[in-house]
Amino acid sequence: MREIYLSGYNNFVLPFVIGMLFCLTWCIIGAARIILQLPGKDRKRFFLSLVNPKTMSKNIRDWFCDCLFHVKLWKRNKLLGYMHSSIAFGWFMLIVIGHIEVFLYTPERVHQIWYPIFFRYFVAVTDTTMKGSFFFFLMDFFLLIVLSGIVLAIIKRAHSRLFGMRRTTQPSLPDLIGLYSLWSIFPLRLLAEGFTADISGGSFLTKSLNMVLHSFLSDYMNMLPTWWAYSIALGIFMCVLPFSRYMHIPAEILLIPLRNAGISISSARRGMASIQVYSCPSCGVCIDACPMGAVKANTKDSTVYLNRQLKRNNKARIDEISEKCLLCGKCTAVCPVGVEGDKIRIAQRAAKKYNLTPDYSNIGTDAVNFQYNKKVIQKNNNVSSSDNKKVLYFAGCMTALTPVIMKSMVSLLEKAGAEYDVMDRDGGICCGRPMMMAGRIGPARQMIEKNTRIIKESGAGILLLSCPICYRIFKENYKLEGIEILHHTQYIERMINEGRLDIDRSDSRLVYHDPCELGRGCGVYQSPRNVVSRAGVLVEASKNGKESICCGGSIGSISLGFDKRRPLTENALASLTADSPDIIVTACPLCRSTFSRYADRPVNDIAEIVDKATSADKR
Amino acid sequence: MKEIVVIIGGGIAGLEAASKLLDLGYSPIIVEKSGRLGGHVARWNRLFPDMTPAADIVSELTERTKGANIFLNTEISFINRLRDSYNIKLSNGISINTSYILFTTGFSLFEAEKKEEYGYGVYDQVITNGDLEQWFNTGEDHRISGKEIGHIGFVHCVGSRDEKARNSQCSKVCCITAIKQAIELKEKFPDAEIWCFYMDLRLFGKKFEDFYTKAQRDYGIHFIRGRVSEVSENIEGKVIVKAEDTLAGKPIKITLDLLVLMSGMVCSQDSTKTAGMLSLPVDSDGFLKSSDNVMHITSSPKNGIFYAGACTGPKTVPETLAEARSAVLEIHSHISRK
């Protein structure tokens, strides 16, 4: 390879250089700001994680898998996965190989940032550099890969349904500018390199294009305008990047190590929340995932639009979207970059000032009377139990409103001969999760403290919960060392496995609905299915597990009216009844009452199903 | 030839209409899905405001409809609309050709188990207004008989005026029914303390207010304004009711031996099903839609089809009977005009 121009410079590189420098400065300042915004404890944790080989290797793996290969998208949809990874990985390889070429052939030019990008313009192929044909081939190959991705992207914009997406995001103006400049970068690069391929060398793509071009455009004067165009497209893209959805490309690079360092959202608009907002690629996967999407008017309340409003600092809309959300967590579960839509919203709610702050400090913890419950335990003491841990059953307020669940659960505990105690038979203190969801962290903490005191004094070994809303906060925010926290689905599974319940399997077809807080919230998917399949024939909903649709009754939403929830419930029911089950089984009192309001078939809690299938006292 | 009028539903509206049609010289045919006549009233014990035995009313009406054709245990299989008449196929195989159909399909009691927090079907101490009337009639109900009943509660508006129960309308008769039943229970259990939990007391009818005063003054029944939030059971087999006393402005908790839920009126599914065969519209409250809710409450938008009684909304017994007569008059003038 030899250089054609001694200066190694031409004016056409300017748009690119300006764009690149602008973009780099912006990103570096942004990254520094975000790291500075982190609370001191988190910042220290972040820096420590960068020198920890384990997290660092995870970072590297995640950078490749998430930023370049888009593994999560592949798992969701192959076509969408190919589209994104072809552009990301192809472009990455073009940059890498470009730099390798500069290192190999013109090492003295390494410090000129435009050189690897416009390498083909500045060099000519020589006889001795035929081994470069390997790189020529690679460059053309990856350019082809990127171009195929671009073609798919253009098709997707017109027919998103082909890519399995019912609805996509409406792009903003900077998004559109970024989009069109991105689309034009690679065809222009092909054209520019095509013009120079006979001088600088090329492979199957650029060489062939060169032949075609020269058949009717033999003038080398045409060369420069195409390089200018290529550089301008790059420059526009770089300049518009910080204001468009393409900000996700640099932002994700920072988000991954922050996440792997275990840092969570602690402030509404700063630090972790901010980097998550900028990492949103506006892909719109969350639009179809959102249970509120059953009503078209709610489309703009999905996480992608929340992120956009957060970038614009549109306070009214931020509050509206944050308060409307059911907090089912499905957008978080499906998000390919890991934006936590539910947690961002809770942080916004927490930032809102209220004139009235409830104070629960005067609720006494000794008001809960265990006297009566102890009698029950003594009654059960003579029953031999394989499990000698005392079970403290906290039914929770939602279960108090669906007493059939509590009755079935107590009956099962009796049948299994468990040594148990009901913590809130005569009323109890709220677990705190509703306040937590509303962003009122202070009052929630008060309740957590009080319940912790009661539970620790009870001497229980297992804390048993019927309501997934309670279960989640007990798992996440309570510090109950030495006490096992179990949802009743898990405890029933254990009782069955230990042979303490004599269960008769029926032929009825049971569909299991994953409650948001139990499934996506706490990752309990298998235990309830094991239990249900012991009681009957388990069938699955069309959307289940991680993709399960919220029942619509969630206490997560502060502003969604009762009548607005009905279509959401009906949509979830349609998914549940896809395989025509006889009974809908769930493990959440709130889902149970919401579904039974509109369902055309019985809706039961898992405890009811098991209790009905279990014969009284096996011993 | 005597004009045939098909009456769907053999409750009091259907019986009263049949008897009046007979008086006018027409030939009514009653189609009743159950095995007996009288509908909900036949299952009731005594009626407000004068404690008239319900059985007397049903037997009088039945007596007066002797000349009518009555098909019991029969449902409508389908209805075909012909040019200006209807062809009705019954489940017993008979088909009838008529120009006039009168819907007296009535209502259903709201299924109290849907209000899960009240524990109907879960706790043995919780019954509905319908169960209580049944017990007045038969004296048999394991939930009441043979128990010591010292404390009784009534919950008003169960499945009425309640968006979450999918019925935002008032069922009209439950307030006075609760007062009547409370008085009757007090007569059966003179030592019992009785509480009624209400939102509003809607006592609009003749002598209803007297009933209310009597209940407080002579029977010592407590009226608490506030909704019941939840019902739980204690170890002695009693139910604990939590509610808010909105007049005193404080939460209350009462332990009871018996809790009576005042189930409201909702349109029966069979009504809507049969109405669907003729594509008759359903109003926003879930009941059948009259062509006008002021002037033409007994007329449907379809020619030759009429309504009477609770199929168009909650009604008291006298209102139902009056409406049956008015529907008959409407049919009569229709036939006479021909």
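**Close-up 1. A salt bridge links chain A to chain B.** A salt bridge here is a side-chain nitrogen of Lys or Arg within 4 Å of a carboxyl oxygen of Asp or Glu. In this predicted model, the side chains of A:R592 and B:E116 make one, with N to O at 2.0 Å. Across the interface of the two chains, the rule turns up 1 salt bridge. There are also 6 residue pairs in polar contact across that interface, with both partners at pLDDT 80 or more.

**Close-up 2. Here's where chain A meets chain B.** Chain A brings 18 residues to the contact and chain B brings 17. Between them, about 1500 Å² is buried, and carbon and sulfur atoms give 51% of that area. Which element gives the most to chain A's side? That's α27(A), with 5 residues.

**Close-up 3. Three strands of chain B line up as an open sheet.** The order is β6-β7-β8, and the pairing is antiparallel. At the edges sit β6 (76-81) and β8 (95-98), each pairing on one side only. From one strand to the next, the twist averages 20°. Zoom in on β6(B) and β7 (residues 86-90) and you'll find 5 bridges between them. One bridge partner to look for is B:Y86 in β7(B), which goes with B:R81.

**Close-up 4. A:S548 sits in a loop of chain A.** The loop runs between β8 (537-539) and α26 (562-576). Is A:S548 buried or exposed? Its relative accessible area is 2%, so A:S548 counts as buried, the cut-off being under 20%. Leaving aside neighbours within four places in sequence, A:S548 is in contact with A:K330, A:H513, A:D514, A:R520 and A:K543.

Conventions: Residues are numbered from 1 along each chain as its sequence is written. Chains are lettered from A and ligands numbered from 1 in the order in which they are written. This is a predicted model: local features need pLDDT of at least 70, side-chain atom pairs count only at pLDDT 80 or more; totals for chains, interfaces and linings use all residues. Side-chain values use heavy atoms; hydrogens and water are left out. Two strands pair if DSSP finds at least two bridges between them. Helices (H or I, at least four residues) and strands (E, at least two) are DSSP runs, numbered from the N terminus. Axes are lines fitted to C-alpha atoms, for helices over the stretch in contact, and angles run from 0 to 180 degrees between N-to-C directions. Buried means under 20% relative accessible area, exposed over 50%, partly exposed in between (1.4 Å probe, protein chains only). Contact means heavy atoms within 4.5 Å. Buried area is the accessible area (1.4 Å probe) that two parts lose on being put together, summed over both. A polar contact is a pair of N or O atoms within 3.5 Å; within protein, one must be able to donate a hydrogen and the other to accept it, and residues adjacent in sequence count only if both atoms are side-chain atoms.
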